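Please look over the sequence and the 3D structure shown here before reading on. The paragraphs after them lead from the overall layout to single residues.

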Amino acid sequence: MAILDKIPEPVSQKHKVSEPEQGLRDQHRAWSIGQFCQYFGIGRTTVYEQIKLGRLRARKIGKRTIITYR
């Protein structure tokens, strides 16, 4: 997805990622809104705007909104 290519590495992560952690990150195919915001260092409003514009793919699971890719 194009927006995922443009978003920088997580702001909160300042240490080198180990290979097992990188493998888990590569397998991560869905985020809650909160997880996505924390991981990419952006606000909830921005995420919802990107969903509305079609730049992020989101699905509803019950009341939760999940951002998916691939």
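The text below goes through the chain as a whole, then its strands, then its core.

This is a predicted model, in which local features need pLDDT of at least 70, side-chain atom pairs count only at pLDDT 80 or more, and totals for chains, interfaces and linings use all residues. Residues are numbered from 1 along each chain as its sequence is written, and side-chain values use heavy atoms, with hydrogens and water left out.

The chain has four helices and three strands; helices (H or I, at least four residues) and strands (E, at least two) are DSSP runs, numbered from the N terminus. Starting at the N terminus, the order of elements is α-α-β-α-α-β-β. Of the 70 residues in the chain, 30% are buried, where buried means under 20% relative accessible area, exposed over 50%, and partly exposed in between (1.4 Å probe, protein chains only). Contact means heavy atoms within 4.5 Å. Of the contacts between residues at least 6 apart in sequence, 51% join residues at least 24 apart.

Strands β2 (residues 57-61) and β3 (residues 64-68) form an antiparallel pair with five bridges; two strands count as paired if DSSP finds at least two bridges between them. Within this pair, Ile 61 is opposite Arg 64 of β3. Two residues separate the strands of this hairpin, and Gly 62 has a positive phi near 65° there.

Strand β1 covers residues 30-32 and includes Ala 30. Ala 30 is partly exposed, at a relative accessible area of 32%. Setting aside residues up to four places away in sequence, Ala 30 touches Gln 35, Ile 66, Ile 67 and Thr 68. Ser 32 also belongs to β1, and this residue is buried, with a relative accessible area of 14%. Beyond its neighbours within four places in sequence, Ser 32 contacts Arg 64, Thr 65 and Ile 66.

Which residues make up the largest nonpolar core? There are 10 in all: Trp 31, Ile 33, Phe 36, Cys 37, Tyr 39, Phe 40, Val 47, Leu 56, Ile 67 and Tyr 69. Helix α3 (residues 33-40) supplies the largest share, five residues. A nonpolar core here is a set of buried Ala, Val, Leu, Ile, Met, Phe, Trp, Tyr and Cys residues joined through side-chain atoms within 4.5 Å. One of the core residues is Trp 31. Apart from neighbours within four places in sequence, Trp 31 is in contact with Phe 36, Phe 40, Thr 65, Ile 66, Ile 67 and Tyr 69.
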